[in-house]
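Please examine the structure shown below.

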Amino acid sequence: LRKAVRDRLLSADREASRRPANQRVRMVGTSHAIGEALRLIDRAAPTPSTVLITGESGTGKEVAARLVHDKSGRQGAFVAVNLGAIPETLLESELFGYEKGAFTGAAERKVGLFELADGGTLFLDEIGEMPAHMQVKILRAIQERKVTRLGGTKGVPVDARIVAATNRNLEA
C-alpha cells in the first residue's frame, strides 16, 4: 500500500510539474476516503459530464474541482465563483454578462463567467445558495450550451464544463 501511495504521489507530482507553479493543485492524504475521492476524480475527469461535489465546509471541494479540471484535458481556464457571495440582484449579470445599455450604468459589454470559462471549467461553489429562479437559467445554459447576455438577443455558444459544489443536503 505504501508503494502504491508513493507511486500515486510521484505520478501526481510529475503531472503537476507540467503546469505553471501558480496552477498546481494536489490532494494530500493516505486515508481510504482520500483514495476513493481520487478514484472518483480520475473516473469523472475525462468525461464531459457535469459534476456535483458535496461535503462539509473545509473538506476540499474546490481542490477536488480543480483536480477534475486539471485531469480533464480541457485547455480553457478554471473559473471559480462562490454563488453565496454574489448578491442575488447581480448573479445573472455575473454569470451571463450583459450588453452595453442593458441597464443604467451598463456603459460597455461585459463578458460573463460562463464565457470566461469557455473551453475550460466553470466551478459553481455553494450551488445550494442559488435562488430557484436562477436554477432554471443555469439549467438552460447547460443544456443548450449557449448563454444570452442581459440585454442581448442572440445566444452565445459556450463550451464550459460545469463542476458544482455544496455543503447542503440538496435532496432534503
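A crossing is left-handed if the near helix is turned anticlockwise from the far one by less than a right angle, and right-handed if clockwise. Helices (H or I, at least four residues) and strands (E, at least two) are DSSP runs, numbered from the N terminus. The model is predicted, so local features need pLDDT of at least 70 and side-chain atom pairs count only at pLDDT 80 or more, while totals for chains, interfaces and linings use all residues. Residues are numbered from 1 along each chain as its sequence is written, and side-chain values use heavy atoms, without hydrogens and water.

The crossing of α2 and α3 is right-handed. Contact (heavy atoms within 4.5 Å) involves Leu38, Ile41 and Asp42 of α2 together with Ala64, Leu67, Val68 and Lys71 of α3.

Rings of Phe, Tyr and Trp (its six-membered ring) pair if their centres lie within 6.5 Å; planes under 30 degrees apart count as stacked, over 60 as edge-to-face and the rest as tilted. By this rule there are three aromatic pairs. Phe78 and Phe123 form a stacked pair, because their ring centres are 5.9 Å apart and their planes lie at 25°. This pair joins strand β2 (residues 78–82), which holds Phe78, to strand β5 (residues 121–125), which holds Phe123, across 45 residues. Both Phe78 and Phe123 are buried, where buried means under 20% relative accessible area, exposed over 50% and partly exposed in between (1.4 Å probe, protein chains only).

The rings of Phe96 and Phe114 are likewise stacked, since their centres are 5.4 Å apart and their planes at 15°. Phe96 is buried, with a relative accessible area of 5%, and Phe114 is buried at 3%.
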